[in-house]
Amino acid sequence: MPTEGQKKLLEELKNSFTRALPEGRITSGDYARTGCHLEVRMSDAGMRRIAREMKERRFHLETITAVDFPDSFELVYLYSTYYQDFCRVIARILISKEASPVSVSSIYPGACWLEREIYDFFGIRFTEHPDLRRILNPDNADYFPLLKTFGKTKLTEEIDDILC
Amino acid sequence: MAVKECSPVYVPHAERSLETKGSPAILGFAVLQDLLNLARVNSLWPMTFGIACCSIEMMAAGMARFDLDRFGIIFRSTPRQSDVMIVAGTISHKFVPTIKTLWEQMPGPKWVIAMGNCAISGGPFAYEGQYAIVNGADKILPVDIYVPGCPPRPEGLIQGLLQLQKKITKGTIDANRRAEKAARRAKK
Amino acid sequence: MLNIKTIDDTSINERVYQLNLGPQHPSTHGVLHLLLKLDGEVVISADPIVGYSHRGHEKMAENRIWEQFLPNTSRIDYLSGLIYNQGYCMAVEKMCGIEVPERAEYIRVITSELNRISSHLLGIMAFVMDIGAFTPFLYGWDDREHVLDILERVTGSRLTYCYNRFGGVRNDIDQEFCDGTRRFIDRLRGRFKDYHNLITENIIFIKRTRGVGIIPEETALEFGVTGPSLRGSGVAYDVRKNEPYSVYPGFKFEIPVRKEGDVMARYQVRMAEMEQSMKIIEQALDGLPQGPIRARVPRFIDPPAGDCYFAFESARGAVGYYIVSDGTRIPYRIKVRTPSFSNLFVLTRILPGNFIADTIATLGSIDVVVPEIDR
């Protein structure tokens, strides 16, 4: 059950996001089913504005990840708070396959490695990143493993789901 | 997909045999080699080279309950002072040059034990679309003993090391035969 | 500890020495490679190189059905295998809306807390051995063997468990399990006195750990540090309390917090956490309800399309599973947020300016498990 403090925090966040991101869609999340209290949907930009807002409110960046859809990538930023009145914000940013999103590592230094991992797995190059190089795969690898066009995936061939 | 510039360091077993038993002229030398093998076998020093989950069971085998020290097995951190390389864990493509360097740094005679399913054949991570791992240590090293399990119990690793003793001494030191004899004596 | 705020790299270029700590090193807790630039004994910069244990878990998840990913989960962090198992099952249950019977929840909590104790024993004792104390290492592993015996009776494995299933657990626990656990808890409580004598009040340990490797709270917030590394810096954040899951709200336990943020503080937090875990286990054993241990779930589940993020607390910090489903039996994307990934990155900020011996102490106290970083 959301407490008074949580409801107030959510209201404040909703208002400030609606002000800062006029082109985005901000909705309350269904915590019981998705684990997030607030969902922000944007396209192409806005990750820095969201990050600045979150940093001001003392949220920490839990993780950044990407999902490969057939005609776009979706960057997912998850923020949550250490302190009382727990709240989790998920920001989904749709970018095109050739886009170069801007890095948030000037606001959250911890994003440096998370974005390196996304570059390593998906080939998404981040601009204004202090040190964009591969992190988990060998340095001379010529593939981006988590793309749906690489290797054996649902989109490239029929996966026999019983025998796998 | 593989790391391109490294060639496999595969040394066929025939080249590595330590003595030729059949030659009469060097019979005395063969006896000396047997004595040396006996000494080597009773103080096998592995390198602390745990990669992943199996390394925990390797450490447990060296701890108080299973105690490898009673066999003369002491873990050495540096490859320059070790005899055995226990490959415990999954080998990824990024790690292959390091393993080869460590193997080349070990002075002979040296042996390899592939511990765990990942080091034998890629283990639970081997599937048709796998891009990240080498399917088994024997693709890059000459493996002497395979210890299966995911992870193998510490007793399994001890059995593997005792089997290595049997292999080095060509059957003279055989812990299993000794145990059977002792059991038969106890029954009588 | 030297206070080197401004280092003009060009002026001491000929004195800068590059040292490879790892990937094969007795104190790197796995295949971690730290590229250190040193000026004598003082660290100028530290760059961790990871990826030597990369096994492709996330790509494997897209080639397996939901149930087949269960064994992978306990191999991501093999020291908290049961906790990761439980977390994955709870994430999928959350998305599908499956209700787990209460007895199964209690069993999950008991086994996970036992796993947490065994992981802390290993983590603390390995760190203490890096500093040079060999005796507590052997004592701690002996206690750990007792925990593994208890868990092996019911789960069948010692290290990489696959005990949780969607909807509950695989086997039921019996009276002997409960008695054995209670006996073990009494035994471990008696052993704490030995540990405090050997380690905590040892003047060498105090000199090597007090004031060393301090993580300020602001740095922790910027890097997303969680777990005992965060609680040693004064922030009382534990997913079991801040974002409760399973039956944890029904248990009375505290979150140990220390203000100093140094290596000694993190060690004390871990020791205190073991005591709290024992309290949780005792309360769970006292209140264990009867009933089924597994809900009726279809053999192959089809979660509805959508995504879900589930966070839980492992021995190292806050873990999260972000799962994306497209309605079929095969996941679309599974991302595992592991605490060691963020915790290790903090080292690039706090190591420069300290001696190399402090590097070893700090690295041990962060308690990283490298396959968790590499997945």
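**Exercise 1. The fold of chain A**

What share of the contacts in chain A with a separation of 6 or more do residues 24 or more positions apart account for? Work this out for the predicted model above, then describe the elements of chain A.

*Solution.* 
Step 1. Start with the contacts: in chain A, 50% of those with a separation of 6 or more are between residues 24 or more positions apart.
Step 2. Turn to the elements. Chain A holds 4 helices and 5 strands, and from the N terminus on their order is α-β-α-β-α-β-β-β-α.
Step 3. The C-alpha trace of chain A spans about 50 × 40 × 30 Å along its principal axes, and 42% of the 164 residues of chain A count as buried.

**Exercise 2. Where chain A touches chain C**

Find how many residues each chain brings to the contact, and which element of chain A gives the largest share.

*Solution.* 
Step 1. Count by chain: 32 residues come from chain A and 37 residues from chain C.
Step 2. Assign the side of chain A to its elements. Those giving two or more residues are α2 (31-34), β3 (59-68) and β4 (73-81) of chain A.
Step 3. Pick out the largest share, which belongs to β3(A) with 6 residues.
Step 4. Sort this side of chain A by class: 17 residues are nonpolar, 9 polar and 6 charged.

**Exercise 3. Two helix pairs in chain C**

Decide how α4(C) runs relative to α5(C), and how α11(C) runs relative to α14(C).

*Solution.* 
Step 1. Take helix α4 (residues 102-131) of chain C and helix α5 (residues 135-155) of chain C. Their axes are 9 Å apart, and the packing angle is about 165 degrees. Angles over 145 degrees count as roughly antiparallel, so α4(C) is roughly antiparallel to α5(C).
Step 2. Note the handedness: the crossing of α4(C) past α5(C) is left-handed.
Step 3. Look at the residues that meet. Among them are C:Leu114, C:Ile117 and C:Leu121 of α4(C), and C:Phe137, C:Trp141 and C:Val147 of α5(C). By class, this contact has 15 nonpolar, 3 polar and 2 charged residues.
Step 4. Repeat for helix α11 (residues 263-286) of chain C and helix α14 (residues 356-366) of chain C, whose axes come within 10 Å and cross at roughly 25 degrees. Angles under 35 degrees count as roughly parallel, so α11(C) is roughly parallel to α14(C).
Step 5. This crossing of α11(C) past α14(C) is left-handed. C:Val263, C:Arg266 and C:Tyr267 in α11(C) contact C:Ala361, C:Thr362 and C:Ser365 in α14(C), and these divide into 3 nonpolar, 2 polar and 1 charged.

**Exercise 4. Strand β7 of chain C**

Is strand β7 (residues 318-325) of chain C largely enclosed or open? Locate its strand partners too.

*Solution.* 
Step 1. Check burial: 8 of the 8 residues of β7(C) are buried, so the strand is largely enclosed by the rest of the structure.
Step 2. Separate the faces. In a regular strand, side chains alternate between the two faces of the sheet. Here C:Ala318, C:Gly320, C:Tyr322 and C:Val324 point one way, while C:Val319, C:Tyr321, C:Ile323 and C:Ser325 point the other way.
Step 3. Follow the pairing with β6 (residues 306-313) of chain C, which runs antiparallel to β7(C) and is joined to it by 8 bridges. One bridge links C:Glu313 with C:Ala318. In the hairpin of these strands, with 4 residues between them, C:Gly317 takes a positive phi near 150 degrees.
Step 4. Finish with β8 (residues 333-337) of chain C, joined to β7(C) by 5 bridges and also antiparallel to β7(C). C:Tyr321 has C:Val336 as its bridge partner in β8(C).

Methods
Residues numbered from 1 in each chain as written. Chains lettered and ligands numbered in written order. Predicted model: local features only at pLDDT ≥ 70, side-chain atom pairs only at ≥ 80, totals over all residues. Buried ≥ 20, exposed ≤ 12 C-beta atoms within 10 Å, placed from the backbone. Contact = placed C-beta atoms within 7 Å. Nonpolar A, V, L, I, M, F, W, Y, C, P; charged D, E, K, R; others polar. Axes fitted to C-alpha atoms, helices over the stretch in contact; angles between N-to-C directions. Parallel < 35°, antiparallel > 145°, perpendicular 65-115°, else oblique. Left-handed = near helix turned anticlockwise from the far one by under 90°. Pairing = 2+ DSSP bridges.
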